[in-house]
Amino acid sequence: MGLLIAVMSGLAQSAPSPAAKPTPPGVGKNGEAWAWTQLVNGTSHTTEVRFATTEKPAGHCPTLQYTVGGKVQTAVLRKVSDPYVTGGGLQQFPTTFCVAPVPDGASNALIEPSTTVAATVYPGNLQLPLPEWPVNGRPRSVAVIGDAGCEVTSPTVGAAQNQDCQKNWPLEPLSVHAAAQSRPDLVVHVGDYVYRETPEGANDATPGCDSQGQAADWRCLIKDFLRPAQALLAEAPFVFARGNHEVCTPGKVGRGAEWFRYFATVPQKNNECFSVPQTQTEPVQINAGTLHFVLFDSSSASERNKPDQAQAAQYAKWFDEVNALAANHPTHDYFLITHKPLWMVKRASSGAVTWINPTLASAVGQTAKGALAGNIDLVMSGHVHLYQMLDFLNSSRPPQLTVGSSGTTLDTPPDDTKVTGKNVDGQTVQHSVSRGVHGYAMLRDTGGQWHLTFHGVSGQAWPLDCTLSTGATKEFDCK
């Protein structure tokens with residue numbers, strides 16, 4: 001299969017080029033480049049190749065080669081942004097960033113070696129994964145990961161609150177085993193990529209990601225995500241959601257600038273996340289053949305125990321947009337991706353449960369339908385650092401899948417026996433399957449039905465195996 005990861009979209013297409021664009025003459029090999037693919041919301045294509053390079057001279061984009069309709073075609077990637085120089089001459093983003101749409105049904109994507117002078121390119125063979133499902137079909141398997149970076153909140157190496165990034169941060173082996181054993185057709189990342197709030201406190205710090213102020217820089221993105229996840233990124237295209245670590249809050253080392261530059265649906269130049277009119281983005285539909293994802297930006301949603309009514313009113317309008325998108329294909333499956341869960345239990349006692357997120361749940365109730373559309377079959381989230389599948393008794397509400405367990409420090413899961421039968425946002429929980437271990441989720445299409453399993457770092461499947469009902473009643477049958 002092809003190679004490497006995924007990011008955003010919604011950009012103008014580049015016209016195919018009859019010949020490769022040569023590299024600048026007399027330039028020696030230098031710098032480092034990362035290439036990946038992701039599903040996007042293009043009107044005439046669903047896949048896009050992204051290429052970020054530190055090679056010099058800056059401003060040069062390579063040529064992509066692919067096969068479509070039995071013919072080899074080439075296209076020069078379009079430049080989106082040049083390296084961004086911050087105060088004092090420092091480069092927060094030392095990359096030239098380029099993109100190219102890939103026609104549906106294409107195969108054999110390759111960055112032409114003669115068109116880049118980067119000394120090191122990832123993937124090493126310059127091949128990129130493309131969708132392997134037919135245009136009128138859908139992925140056979142979808143891996144779900146989230147909250148995967150190494151959590152470093154203290155500037156002191158070895159501080160108790162810092163994760164041991166050398167021994168107890170499993171993203172790299174998880175990526176290797178998931179790619180080799182589960183072999184997903186598609187990977188969904190539900191948000192939160194970089195957890196190094198104070199990079200100098202990490203026990204694996206390296207130049208460029210080893211001092212205060214670099215948490216939102218290119219080198220920390222490589223350190224916390226691109227490099228450890230490269231096996232999965234090489235295996236399949238990605239869908240990327242935005243988490244609360246990707247906010248545009250200057251006082252909190254938010255990675256919003258990083259998000260908008262590399263991963264957003266519509267990438268921005270420089271540090272423009274701090275100047276865009278609307279720092280949260282409206283819902284976007286991403287098509288994987290006849291399976292559709294809707295990205296819902298909940299990065300700034302309140303987490304208070306009572307609804308934030310002002311936020312809920314705004315989110316209700318966006319959930320109306322979600323339902324309108326689902327109406328585009330009423331017989332197809334839709335999965336809603338929101339980093340912060342709508343219904344997820346954090347704690348449970350014999351008498352009650354503590355769940356999140358009342359603000360988002362209230363917004364769903366304030367929509368014109370008073371609920372999510374009937375063909376939204378699953379809600380996919382992260383944010384809470386554990387795995388949990390929650391569904392509801394005799395309900396049309398879609399189950400809530402939370403995968404916040406792919407790398408960062410884990411939370412303690414609730415006792416499932418104390419969750420089942422409890423009330424969450426007015427409905428009774430039927431199944432609660434929680435895991436307080438690192439891992440990822442797999443959804444497999446078997447005969448038109450989705451089967452859900454949770455897998456540990458080494459790829460082994462944990463019980464239970466759950467089959468999703470997508471009819472009028474949304475529920476899992478778990479064995």
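**Ground rules.** I am working from a predicted model, in which local features need pLDDT of at least 70 and side-chain atom pairs count only at pLDDT 80 or more, while totals for chains, interfaces and linings use all residues. I number residues from 1 along each chain as its sequence is written, and the side-chain values use heavy atoms, with hydrogens and water left out.

**Helix H5.** I took helices and strands as DSSP runs (H or I, at least four residues, for helices; E, at least two, for strands), numbered from the N terminus. Helix H5 covers residues 309–326, and at 1.5 Å a residue its 18 residues should span 26 Å, which agrees with the 25 Å between its end C-alpha atoms; the expected span is 1.5 Å times one less than the number of residues. At the start of H5, I found a side-chain oxygen of Asp 308 within 3.2 Å of the backbone nitrogen of Ala 310.

I then asked which residues of H5 are buried, with buried meaning under 20% relative accessible area, exposed over 50% and partly exposed in between (1.4 Å probe, protein chains only). They are Ala 312, Tyr 315, Ala 316, Trp 318, Phe 319, Val 322, Asn 323, Leu 325 and Ala 326. These buried residues pack against strands S15 (284–288), S16 (291–296), S17 (333–338) and S20 (376–381), and also against helix H6 (358–365); contact here means heavy atoms within 4.5 Å.

**Helix H6.** The buried residues run through Pro 358, Thr 359, Leu 360, Ala 361, Ser 362, Ala 363 and Val 364, and their cover includes S16, H5, S17 and strand S19 (353–356). At the start of H6, a side-chain oxygen of Asn 357 comes within 3.1 Å of the backbone nitrogen of Thr 359.

**H2 against H4.** I looked up how helix H2 (residues 218–226) meets helix H4 (residues 256–263), and found that they pack at an angle of about 80°, with their axes 11 Å apart. That makes H2 roughly perpendicular to H4, a label given to angles from 65 to 115 degrees. Trp 218, Leu 221 and Phe 225 in H2 meet Glu 258, Tyr 262 and Phe 263 in H4, and the residues of this contact divide into 5 nonpolar, no polar and 1 charged.

**Thr 96.** This residue is in strand S8 (residues 96–102), and it counts as buried at 1% relative accessibility. I noted that its side chain reaches the backbone nitrogen of Gly 59 at 2.9 Å. I placed Thr 46 in the loop between strand S1 (32–39) and strand S2 (47–53), where it counts as buried at 16% relative accessibility. Its side chain makes a polar contact with the side chain of Asp 104 (3.0 Å); such a contact is a pair of N or O atoms within 3.5 Å, where within protein one must be able to donate a hydrogen and the other to accept it, and residues adjacent in sequence count only if both atoms are side-chain atoms.

**Gln 73.** I found Gln 73 in strand S4 (residues 71–76), partly exposed with a relative accessible area of 26%.

Definitions and conventions: Axes are lines fitted to C-alpha atoms, for helices over the stretch in contact, and angles run from 0 to 180 degrees between N-to-C directions. Angles under 35 degrees count as roughly parallel, over 145 as roughly antiparallel, 65 to 115 as roughly perpendicular and the rest as oblique. Ala, Val, Leu, Ile, Met, Phe, Trp, Tyr, Cys and Pro count as nonpolar, Asp, Glu, Lys and Arg as charged, and the others, Gly among them, as polar.
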